[in-house]
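Hi,

Here is the structure I said I would pass on.

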Amino acid sequence: FKNLERPLIQGIDGSHHQLAPIDWKGIYKLGFRFVYIKSTEGVDHKDNQFDNYLAGAKKAGFYVGAYHYATPGNMLDQEKPKQKQLQDDARKEADYFLRTASKALNKGNMRPALDLEHCDGIDDLTDSELAYWVINWMERVENKVKRKPLLYGRKYVKKAAEGNEKIEQDYSLWGIDYKNRKPDFAPWKRALIWQYEFEGIV
């Protein structure tokens, strides 16, 4: 994908879905300069390749960043107040991410990112409830690392933005569009990073 502030800067993302080992030096020689690596999901799942990929990418000279796969609405108790549960869950996921991905969150690395895609329970949330969860996660992380996280996704990112205008106003987008040369990231006017390919061989 491309960083649209400097369109010539290319990067990739990685997780356990990519088969190890990865030839990081070879990828760097092809002109890629930054890597986002999945670190966590929910409140207790660490990607089993995070440490390995992080060390390899850093050693090869990449700028690195970590992202968290969000699971909003996954563990809600219908007998308890929903808003308080959403706040507590978002903060628990943020705290788990901050603890686990700490090596990729210090100064000099890419900004952290929240991956907002389909998960169990997310479709049961209203737009405003989803936005409330996202804002709580983003603010928790920002308060710790002193930088605003990016927001990654498509359908659910738009849903959150429709639930609260703060989402679009305060947070940069890591947007997805595999079809168009001039992508539409509405309600954002533009994306900070454009993911333009689903897969590739490098």
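Predicted model: local features only at pLDDT ≥ 70, side-chain atom pairs only at ≥ 80, totals over all residues.

Let me start with α2, which covers residues 50-60. Its buried residues are F50, Y53, L54, G56, A57 and A60. If you recall, an α-helix has 3.6 residues a turn, so residues three or four places apart point the same way. What do the buried residues of α2 pack against? Quite a list: the strands β2 (10-14), β3 (32-41), β4 (45-46) and β5 (63-69), plus the helices α1 (24-29) and α3 (82-100).

G61 sits in the loop between α2 and β5, and at 39% relative accessibility it counts as partly exposed. Have a look at K25 while you are there: the C-alpha atoms of G61 and K25 are 8.1 Å apart, although 36 residues separate the two in sequence.

**How α4 and α5 meet**

Next, the pair formed by α4 (residues 127-145) and α5 (residues 155-163). Two packed helices are described by the angle between their axes and the distance between the axes. Here the axes come within 7 Å and cross at roughly 100 degrees. An angle from 65 to 115 degrees counts as roughly perpendicular, and α4 and α5 are therefore roughly perpendicular to each other.

Which residues make the contact? On the α4 side they are D127, S128, L130, A131 and V134, and on the α5 side Y156, K159, A160, E162 and G163. By type, the residues of this contact divide into five nonpolar, two polar and three charged.

**Salt bridges**

Side chains of opposite charge can pair when their charged atoms come close. How many salt bridges does a search of the whole structure find? The search turns up nine, and these are some I would look at:

- D95 and R140 meet through their side chains at 3.0 Å, N to O. This pair links distant parts of the chain, with D95 in helix α3 and R140 in helix α4, 45 residues apart. D95 is partly exposed at 23% relative accessibility, and R140 is partly exposed at 33%.
- E142 and K148 form a salt bridge at 3.4 Å, N to O. K148 counts as partly exposed, with 30% relative accessibility.
- D170 and K166 form one at 2.6 Å, N to O. Both are in helix α6 (residues 166-170), and because they are four residues apart, about one helical turn separates them. D170 has a relative accessible area of 26%, which makes it partly exposed, and K166 is partly exposed at 25%. The pair also belongs to a network of salt bridges that links E139, K166 and D170.

**A buried aspartate without a partner**

Now for D177, in the loop between β8 (173-176) and β9 (193-195). D177 is buried yet has no salt bridge. How far away is the nearest side chain of opposite charge? That side chain is R154, at 5.8 Å. A salt bridge needs the nitrogen within 4 Å of a carboxyl oxygen. Leaving out residues up to four places away in sequence, D177 touches R154, P183, D184, F185, W194, Q195 and Y196.

Most residues other than glycine have a negative phi, and most peptide bonds are trans. Two places to check against that background:

- A186 and P187 are joined by a cis peptide bond, with omega about 10 degrees. P187 lies in the loop between β8 and β9.
- K146 is not a glycine, but its phi is positive, near 65 degrees. You will find K146 in the loop between α4 and β7 (150-153), where it is exposed with a relative accessible area of 68%.

One last stop is K189, in the loop between β8 and β9. K189 is exposed, with a relative accessible area of 85%.

Cheers

Key: Residues numbered from 1 in each chain as written. Heavy atoms only, no water. Helix = DSSP H or I, 4+ residues; strand = E, 2+ residues; numbered from the N terminus. Buried < 20%, exposed > 50% of the residue type's maximum accessible area, 1.4 Å probe, protein only. Lys, Arg positive; Asp, Glu negative; His and termini not counted. Contact = heavy atoms within 4.5 Å. Axes fitted to C-alpha atoms, helices over the stretch in contact; angles between N-to-C directions. Parallel < 35°, antiparallel > 145°, perpendicular 65-115°, else oblique. Nonpolar A, V, L, I, M, F, W, Y, C, P; charged D, E, K, R; others polar.
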